[in-house]
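Dear colleague,

Please find the structure below, together with its sequence.

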Amino acid sequence: MVYRILFVCLGNICRSPSAEAVTRALARDRGTELELDSAGTGRWHVGEPPYGPMQEAARRRGHDLSALRARQVTRADFEAFDLIVAMDAENLDDLRRMAPRDARARLALFTDYAPQTGATAIPDPYYTRDFDGTLDLVETCARGLIAQL
Ligand code: 4NP
């Protein structure tokens, strides 16, 4: 069975789609087969593609986010995925609250895969406007995650 990972942020238009695309590219480079998806805890942006400035910053690094569409996390995701990776502590709290008691998925914080950075959250570039800083950290965390599989 292919290992399945779901990346989760608040809106599913900046951080988690980037995490999905960056991890997919790194896994492809290493020949690691994974099934990846992303979702948001909120529903404001459901059905929308990733945020324009986020898409542009990702495209400059070779990641095409244009086909992705935002969706909200569901309880079924806790059965469908092996690992659900939160972008910050609020996302993780929200996921813990909605997790079924017998959930299959393990929950983790993305920054836990890059302890050398000292970061405890992926900053939300929708608010910080630092899209490249977020992508730098996403790349470091994605490398750490893949190295642990
Ligand atoms: P994300 O960023 O969680 O990284 O997708 C956000 C984008 C938009 C909003 C929240 C977070 N919003 O509330 O509109």
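How do the residues of the shell around the ligand divide into nonpolar, polar and charged? There are seven nonpolar, three polar and two charged residues in that shell. Please bear in mind throughout that this is a predicted model.

**The ligand and its surroundings**

The residues that surround the ligand are C9, L10, G11, N12, I13, C14, R15, W44, H45, D124, Y126 and Y127. In the side chain of H45, an N or O atom is 2.7 Å from an oxygen atom of the ligand. For the side chain of R15, the corresponding distance from an N or O atom to a ligand oxygen is 2.8 Å. L10 takes part through its backbone, where a polar atom is 3.0 Å from an oxygen atom of the ligand. The ligand taken alone exposes 350 Å², and the protein buries 92% of that area.

N12, one of the residues surrounding the ligand, deserves a separate remark. Its place is in the loop between β1 and α1. N12 has a positive phi of about 60 degrees, although it is not a glycine. With a relative accessible area of 2%, N12 is buried.

A positive phi also occurs at R129, again a residue other than glycine, with a value near 70 degrees. R129 is found in the loop between α5 (125–128) and α6. Is R129 buried or partly exposed? Its relative accessible area is 43%, so R129 counts as partly exposed.

**Helix α4**

Which residues of helix α4 (residues 89–98) are buried? They are N91, L92 and L95. Seen down the axis of α4, these buried residues fall within an arc of 100 degrees, and therefore they line one face of the helix. R96 and R97, on the other side of α4, are exposed. The buried residues of α4 pack against β1 (3–9), α1 (15–30), α3 (77–80), β3 (83–86) and β4 (106–109). The N-terminal end of α4 is capped by D88, which has a side-chain oxygen 3.1 Å from the backbone nitrogen of E90.

**Q55 and H63**

Q55 has its place in helix α2 (residues 52–60), while H63 lies in the loop between α2 and α3. Q55 is buried, with a relative accessible area of 11%. H63 is likewise buried, and its relative accessible area is 11%. Not counting residues up to four places away in sequence, Q55 touches P49, P50, H63, L65 and S66. With P50 there is a polar approach as well: a polar atom of the Q55 side chain lies 2.9 Å from the backbone oxygen of P50. Leaving aside its neighbours within four places in sequence, H63 is in contact with A21, V22, A25, Q55, A58 and E139.

**C141**

Finally, C141 is found in helix α6 (residues 131–148). C141 is buried, with a relative accessible area of 0%. Apart from neighbours within four places in sequence, C141 is in contact with F110, T111, Y113, A114 and I122. L109 and C141 are 32 residues apart along the chain, and their C-alpha atoms are separated by 9.7 Å.

With kind regards

Notes
Residues are numbered from 1 along each chain as its sequence is written. This is a predicted model: local features need pLDDT of at least 70, side-chain atom pairs count only at pLDDT 80 or more; totals for chains, interfaces and linings use all residues. Side-chain values use heavy atoms; hydrogens and water are left out. A residue is near a molecule or strand if one of its heavy atoms lies within 4 Å of it. A polar contact is a pair of N or O atoms within 3.5 Å; within protein, one must be able to donate a hydrogen and the other to accept it, and residues adjacent in sequence count only if both atoms are side-chain atoms. Accessible areas come from the Shrake-Rupley method with a 1.4 Å probe; for residues, only the protein chains shown count as cover. Ala, Val, Leu, Ile, Met, Phe, Trp, Tyr, Cys and Pro count as nonpolar, Asp, Glu, Lys and Arg as charged, and the others, Gly among them, as polar. Helices (H or I, at least four residues) and strands (E, at least two) are DSSP runs, numbered from the N terminus. Buried means under 20% relative accessible area, exposed over 50%, partly exposed in between (1.4 Å probe, protein chains only). Contact means heavy atoms within 4.5 Å. The arc is that of the directions from the helix axis to the C-beta atoms.
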